[in-house]
Amino acid sequence: MVSDIERGLIKDGDIIVMRALDRLSRQKLTDSENLYNSIVGSNVCILTTIDNHLYKRDCVMSSVLKTLAFKTANEESAKKSHLTNTYASHRIQQFLSNEKPDNGTAYDIGIGRHPFLD
């Protein structure tokens, strides 16, 4: 999206529509804000359909809401990652100790993947 803005495919005054601002980034707060600022700093607005808010340059309400959205998204992502890894570790330990799963299922060890590393 940023490269499309830089190339002029997304222009000054255009609006990007997304469900919620946390769909833009789940990175750490500073990285998320840098991405956001590169978009709205180009006079491209972001409309979120969940709350019908138009995020735009130099808007105090947009600034406050984006900080809350990005911080919450990053914390939620970290929490889910921790839970997934903890469960995977538990299942690996069950397998290594030859312990059968309680409900008779297979050793379904899933640790997810990072979508941007493929």
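This is a predicted model: local features need pLDDT of at least 70, side-chain atom pairs count only at pLDDT 80 or more; totals for chains, interfaces and linings use all residues.

Student: Take Tyr 36 and Tyr 55. Why is that pair called edge-to-face?

Tutor: Their ring planes sit at 85°, and over 60 counts as edge-to-face. The ring centres are 6.2 Å apart. The pair links distant parts of the chain: Tyr 36 is in helix α2 (residues 29-40) and Tyr 55 is in strand β3 (residues 53-55), 19 residues apart.

Student: And how are the rings of Tyr 36 and Phe 70 arranged?

Tutor: Their centres are 6.2 Å apart and their planes are at 75°, so this pair is edge-to-face. Phe 70 is in helix α3 (residues 60-96), 34 residues from Tyr 36 in α2.

Student: Are Tyr 36 and Phe 70 buried or exposed?

Tutor: Both are buried. Tyr 55 is buried too.

Student: Switching topic: which residues touch the most other members of the largest nonpolar core?

Tutor: Leu 21, Leu 24, Tyr 36, Ile 39 and Ile 46, out of 14 residues in that core.

Student: Which element gives the most to this core?

Tutor: α2, with 3 residues. β1 (15-18), α2 and α3 each supply at least two.

Student: Back to Tyr 36. What is it in contact with, leaving aside neighbours within four places in sequence?

Tutor: The contacts of Tyr 36 include Leu 21, Leu 24 and Ile 46, as well as Gly 41, Lys 56, Ser 62 and Lys 66. Tyr 55 and Phe 70 are also among them.

Terms used: Residues are numbered from 1 along each chain as its sequence is written. Side-chain values use heavy atoms; hydrogens and water are left out. Rings of Phe, Tyr and Trp (its six-membered ring) pair if their centres lie within 6.5 Å; planes under 30 degrees apart count as stacked, over 60 as edge-to-face and the rest as tilted. Helices (H or I, at least four residues) and strands (E, at least two) are DSSP runs, numbered from the N terminus. Buried means under 20% relative accessible area, exposed over 50%, partly exposed in between (1.4 Å probe, protein chains only). A nonpolar core is a set of buried Ala, Val, Leu, Ile, Met, Phe, Trp, Tyr and Cys residues joined through side-chain atoms within 4.5 Å. Contact means heavy atoms within 4.5 Å.
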